[in-house]
Amino acid sequence: MISIRRATSADAATVHALICELAEHQDQAWGITVSVPDLRQMLARPEITYLIAERDGQPVGYVSWLERISFWSGENYLHLDDLYVAATERGHGVGEQLMRAAAEAADGKVIRWEVAEANEAAQRFYTRIGATLLSKKIGRWQPR
Ligand SMILES: CC(C)(COP(=O)(O)OP(=O)(O)OC[C@H]1O[C@@H](n2cnc3c(N)ncnc32)[C@H](O)[C@@H]1OP(=O)(O)O)[C@@H](O)C(=O)NCCC(=O)NCCS
């Protein structure tokens with residue numbers, strides 16, 4: 001049985017392991033520089049939400065987001081950071097349960113996120129649950 005709960009600072013090590021799993025799945029393990037103590041602090045911040053899905057108490061996935069404000073509408077929205085379900089758990093509805101939990105927490109606010117052009121399986125998943133996918137380039141700049 002799957003249960004979904006909000007992670008707290010006490011879950012920082014589990015959260016770190018799950019983020020590393022997703023990064024490895026995407027061949028981006030090199031991109032993980034956050035530490036468990038960093039996450040302990042981040043998870044205590046009110047604008048950050050990290051929901052863990054557990055099967056019989058064991059972590060099997062997560063969805064994470066930040067609450068942000070749109071300068072155009074003046075309204076807050078949820079910016080999803082990651083959605084991840086462990087490989088052995090995929091295709092059983094855990095991803096959809098996580099997105100529905102985010103929707104419930106959003107309480108009417110818009111939810112936005114990014115998905116790689118190459119990640120067609122995830123795009124099918126998002127379309128199936130009723131989301132709209134728009135194409136845009138993502139800017140990234142590391143000024144020196
Ligand atoms: C995308 C993801 C979160 C979906 O979670 P899930 O628990 O498998 O989703 P559900 O069981 O609710 O829905 C299954 C749907 O997801 C899609 N899907 C994506 N990858 C899948 C996989 N590896 N295995 C099974 N289904 C997959 C399928 O299109 C499936 O739709 P279908 O039943 O119409 O064929 C999950 O596959 C995942 O973690 N993928 C790797 C990380 C990732 O790509 N995250 C999204 C980044 S934007």
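A residue is near a molecule if its C-beta atom, placed from the backbone, lies within 6 Å of it. The structure is a predicted model, in which local features need pLDDT of at least 70, side-chain atom pairs count only at pLDDT 80 or more, and totals for chains, interfaces and linings use all residues. Residues are numbered from 1 along each chain as its sequence is written.

**Exercise 1.** State how many residues surround the ligand and sort them by class.

Solution. Step 1: the ligand is surrounded by 19 residues, and Arg90, Gly91, Gly95, Glu96 and Ala121 are the closest. Step 2: the shell holds nine nonpolar, six polar and four charged residues. Here Ala, Val, Leu, Ile, Met, Phe, Trp, Tyr, Cys and Pro count as nonpolar, Asp, Glu, Lys and Arg as charged, and the others, Gly among them, as polar. Step 3: helix 4 gives the most to this shell, five residues. Helices (H or I, at least four residues) and strands (E, at least two) are DSSP runs, numbered from the N terminus.

**Exercise 2.** Find the buried residues of helix 3 and say where around the axis they lie.

Solution. Step 1: a residue is buried if 20 or more other C-beta atoms lie within 10 Å of its own, exposed if 12 or fewer, and partly exposed in between. Step 2: Val94, Gly95, Leu98, Met99 and Ala102 are buried in helix 3. Step 3: they cover an arc of only 140 degrees, so they are on the same side of helix 3. The arc is that of the directions from the helix axis to the C-beta atoms.

**Exercise 3.** Explain why Leu98 counts as buried.

Solution. Leu98 counts as buried because it has 24 C-beta neighbours inside 10 Å.
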